[in-house]
Amino acid sequence: MKQFIQVIALSIFLMASQAANAALNVFACEPEWGALAQELGGDKVSVFNATNALQDVHHIEAKPSLVAQLRKADLLLCTGSELEIGWLPVLLS
């Protein structure tokens with residue numbers, strides 16, 4: 001897990017260094033990932049959380065607003081393990 005977090009941190013900083021003037025747009029599937037990206041990137045990232053802490057991430061509806069936010073994203077942070085299997089593939093297509 002520690003190595004996974006280091007890889008995410010490295011990718012955020014590499015992408016942020018490429019566009020020094022613009023904030024890195026991060027689409028986080030869960031608020032935990034959004035908080036991590038915000039903490040690591042500081043003012044160099046702009047984070048959008050697809051869900052909030054009160055929602056069940058298994059039952060999210062793939063809305064057009066989420067598609068629009070995902071299009072603007074430079075980085076997608078999700079848990080995996082088929083947690084977002086019901087709605088993330090729809091957004092990606």
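Is threonine 51 buried or exposed?

Guide: Good pick! First, a bit of housekeeping: this is a predicted model, where local features need pLDDT of at least 70 and side-chain atom pairs count only at pLDDT 80 or more, while totals for chains, interfaces and linings use all residues. Residues are numbered from 1 along each chain as its sequence is written, and side-chain values use heavy atoms, leaving out hydrogens and water.

Now, threonine 51 counts as buried because its relative accessibility is 5%; buried means under 20% relative accessible area, exposed over 50%, and partly exposed in between, using a 1.4 Å probe and protein chains only. You'll find threonine 51 in the loop between E2 and H3. Helices (H or I, at least four residues) and strands (E, at least two) are DSSP runs, numbered from the N terminus.

Who does threonine 51 touch? Leaving aside neighbours within four places in sequence, threonine 51 is in contact with Cys29, Glu30, Pro31, Val57, Ile60 and Trp87, where contact means heavy atoms within 4.5 Å. Look closely at cysteine 29: its backbone oxygen sits 2.7 Å from a polar atom of threonine 51's side chain.

Cys29, Ile60 and Trp87 are also among the 10 residues of the largest nonpolar core. Such a core is a set of buried Ala, Val, Leu, Ile, Met, Phe, Trp, Tyr and Cys residues joined through side-chain atoms within 4.5 Å. Helix H3 (64–72) and helix H4 (88–92) each supply at least two residues of this core.

Histidine 58 lies in the loop between strand E2 (45–49) and H3, but histidine 58 counts as partly exposed because its relative accessibility is 46%.

Note on methods:
A polar contact is a pair of N or O atoms within 3.5 Å; within protein, one must be able to donate a hydrogen and the other to accept it, and residues adjacent in sequence count only if both atoms are side-chain atoms.
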